[in-house]
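Hi,

Here is the structure I said I would pass on. Have a look at it, and then read my notes below.

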Amino acid sequence: MANKIRCAHILVERFADAQEVLDRLKKGEDFAKLAAEKSIDGSRRRGGDLGWFGHGVMVKPFEQAAFALEKGQISEIVKSEFGYHIIKRLE
């Protein structure tokens, strides 16, 4: 699994929503609960968990941010064609 990582994300449509989520995370709110509450994609049912993935699977801005994270670290806001992501590296 050396070339694969496991991440969760929270995906929202607007930057302002992403900023609100990031602020709440920085205050110590639970990532999985916020994903279930706020995320607009199907991963919300799994607390944002996207499972394991390697290079070339995710859209470029997401992939670059995800692979730059250390385990347990949460990204800043990442914009892609799908909206605004906040990514957490799980493994």
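Predicted model: local features only at pLDDT ≥ 70, side-chain atom pairs only at ≥ 80, totals over all residues.

Residues are numbered from 1 along each chain as its sequence is written, and side-chain values use heavy atoms, with hydrogens and water left out.

Let's start with the salt bridges, meaning a side-chain nitrogen of Lys or Arg within 4 Å of a carboxyl oxygen of Asp or Glu. By that rule the count is nine.

One of them sits in helix α1, which covers residues 15–26. There, Arg24 pairs with Glu20, with 3.3 Å between the closest N and O atoms. The two are four residues apart, so about one helical turn separates them. As for accessibility, buried means under 20% relative accessible area, exposed over 50%, and partly exposed in between (1.4 Å probe, protein chains only). Arg24 is buried at 18%, while Glu20 is partly exposed at 33%.

Helix α1 also holds Lys26, whose partner Glu76 is in the loop between α3 (60–68) and β3 (78–80). Lys26 is exposed, at 57% relative accessibility. There is a network as well: salt bridges with shared partners join Glu20, Arg24, Glu29, Glu37 and Lys38.

Then there is Arg6 with Glu91, where the closest N and O atoms are 4.0 Å apart. Arg6 belongs to strand β1 (residues 5–12) and Glu91 to the segment after β4, so this bridge ties together parts 85 residues apart in sequence. Arg6 is partly exposed at 25%, and Glu91 is partly exposed too, at 35%.

What about His85: is the residue buried or exposed? His85 is buried, with 4% relative accessibility, and lies in strand β4 (residues 83–89). Its side chain makes polar contacts (a pair of N or O atoms within 3.5 Å; within protein, one must be able to donate a hydrogen and the other to accept it, and residues adjacent in sequence count only if both atoms are side-chain atoms). The partners are the side chains of His9, at 3.0 Å, and Ser80, at 2.7 Å. Counting contacts as heavy atoms within 4.5 Å, and leaving out residues up to four places away in sequence, His85 touches residues including Ile10, Leu11, Phe62 and Glu76.

Cheers
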